[in-house]
Every structure is written in C-alpha cells, then in structure tokens.
Amino acid sequence: MAIDTTRFERIRQAAGSRSESDVFAFAQEHEGGVGGLLDEVFGNMPDVFRADRAKGQQADFQYVIKTPDGPHEYFVRIHDGICESGRGRVDSPQLTTTVELPTFLRLVTGRINGMQAFLRGKVKLSGNTLYAAKFEHWFERPS
C-alpha cells in the first residue's frame with residue numbers, strides 16, 4: 001500500500017500553519033479523532049521505511065503523544081529489515097519520545113527539525129538518544 005500523499009499534505013499544512021489549538025481541532029475532526037489520525041501516521045511508517053538505511057539495526061521505539069484528552073502510546077519496531085508500528089507499548093525500548101501532538105505532526109511532516117525541537121524542550125527523550133538521529137534517517141517523507 002502506497003502512502004496517500006494528499007492526506008500527508010493536508011496533515012503537513014495543518015501542522016505547519018495553525019496554532020496548537022487549531023492542530024488539536026484538526027486532529028479531532030479526523031475520522032476516528034486523534035487516535036484515528038495517529039493510527040494513520042503510524043500505519044504508514046512501514047510503507048516509508050527505508051530498510052537499506054537501517055541495515056543491520058534492531059531497535060524498539062516508544063512514543064507518548066500528549067493531547068488534551070490524555071496520552072496516546074505508539075511503538076515502532078525495527079528488526080531484520082522490517083518496520084512494524086502500532087498502538088501500545090514495547091518492553092525495554094531503546095528510545096522513548098514524549099511530545100505534544102502538534103510538535104509530533106510537525107516532526108513527521110518535516111515542518112521542524114528533531115534536534116531543534118529537542119533543544120527547545122518540545123521533545124523529551126529517554127533511553128539511548130543516539131537513536132533519535134538514526135531513526136529520522138530511516139524513513140522517507142513524501143515530497
């Protein structure tokens with residue numbers, strides 16, 4: 001299944017040109033609400049995973065996406081050239097990222113740089129933070 005670049009572009013525009021409250025409202029209007037939007041984003045990760053860039057890497061990533069309705073937890077698992085992602089938790093993740101929904105959407109759409117967001121305190125990392133830079137390189141963003 002190919003990523004729907006039309007939907008990606010709508011998410012990119014919403015994340016980049018609106019206030020945080022507007023981004024939350026955009027997410028709540030999405031089919032399935034915030035959870036539906038996050039399911040779509042994480043569901044597309046295997047489709048844009050570049051196994052050639054992650055050759056030989058094994059890593060589990062945990063995401064805690066903060067919203068006014070409470071946190072949403074998702075994981076990304078990279079193993080044997082395969083990417084799996086979905087709702088829930090993984091045991092002993094190499095890296096846990098905690099981030100507000102608007103910042104997360106800006107990160108995945110390329111509206112902001114991960115390192116800059118981390119240095120500004122918009123992203124909290126725990127675990128092996130070296131994986132943060134690697135992770136971003138392992139995925140292709142639609143242009």
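Predicted model: local features only at pLDDT ≥ 70, side-chain atom pairs only at ≥ 80, totals over all residues.
Hi everyone. Let me begin with a rule: two strands count as paired if DSSP finds at least two bridges between them. The strands themselves, like the helices, are DSSP runs numbered from the N terminus, with at least two residues (E) for a strand and at least four (H or I) for a helix.

Residues are numbered from 1 along each chain as its sequence is written, and side-chain values use heavy atoms, leaving out hydrogens and water.

Let's start with the sheet. Strands of a sheet pair through backbone hydrogen bonds, either parallel or antiparallel. Here we have an open sheet of five strands in the order β3-β2-β1-β4-β5, and its pairing is mixed. At the edges are β3 (82-87) and β5 (123-127), each pairing on one side only. From one strand to the next, the twist averages 15 degrees.

Now let's walk across some of the pairings. β1 and β2 run antiparallel and are joined by seven bridges; Asp60, for example, has Arg77 in β2 as its bridge partner. β1 and β4 pair in the parallel sense, over six bridges, and there Gln62 is partnered with Thr96 in β4. β4 and β5 are antiparallel again, with five bridges, and Leu95 stands opposite Gly127 in β5.

On to the inside. I'll call a residue buried when its relative accessible area is under 20%, exposed when over 50%, and partly exposed in between, using a 1.4 Å probe and protein chains only. A nonpolar core is then a set of buried Ala, Val, Leu, Ile, Met, Phe, Trp, Tyr and Cys residues joined through side-chain atoms within 4.5 Å. The largest one here has 36 residues, and Phe61, Val76 and Phe139 have the most contacts inside it. Elements that each supply at least two of its residues include α1 (5-17), α2 (20-29), β1 (59-66) and α6 (130-137). The top contributor is α3, which gives seven residues.

Take a look at Val76. Setting aside neighbours within four places in sequence, its contacts include Phe42, Met45, Phe61, Tyr63, Phe135 and Phe139.

Several of those names come back when we turn to aromatic rings. Rings of Phe, Tyr and Trp (its six-membered ring) pair if their centres lie within 6.5 Å; planes under 30 degrees apart are stacked, over 60 edge-to-face, and the rest tilted. By this rule there are ten aromatic pairs. One of them is Phe49 with Phe139, a tilted pair at 5.5 Å centre to centre and 55 degrees between the planes. Phe49 sits in the loop between α3 and β1, and Phe139 in the segment after α6, so to speak a link between distant parts of the chain, 90 residues apart. Both Phe49 and Phe139 are buried.

Tyr63 and Phe135 have ring centres 5.9 Å apart and planes at 50 degrees, so this pair is tilted. Here strand β1 is linked to helix α6, across 72 residues. Tyr63 is buried at 9% relative accessible area, and Phe135 counts as buried at 9% relative accessibility. One aromatic cluster takes in these residues, among them Phe42, Phe61, Tyr74 and Trp138.

Last stop: helix α4. How many of its eight residues are buried? Seven of them, so the helix is mostly covered. Arg106 is one of the buried ones, at 14% relative accessibility. Its side chain reaches the backbone oxygen of Ala15 at 2.4 Å.

Neighbours within four places aside, Thr109 is in contact with Phe8, Ile11, Arg12, Ala15 and Arg141. Gly110, which follows α4, has a positive phi, near 80 degrees.

How values were computed: Contact = heavy atoms within 4.5 Å. Polar contact = N/O pair within 3.5 Å; in protein donor to acceptor, adjacent residues only side chain to side chain. Axes fitted to C-alpha atoms, helices over the stretch in contact; angles between N-to-C directions.
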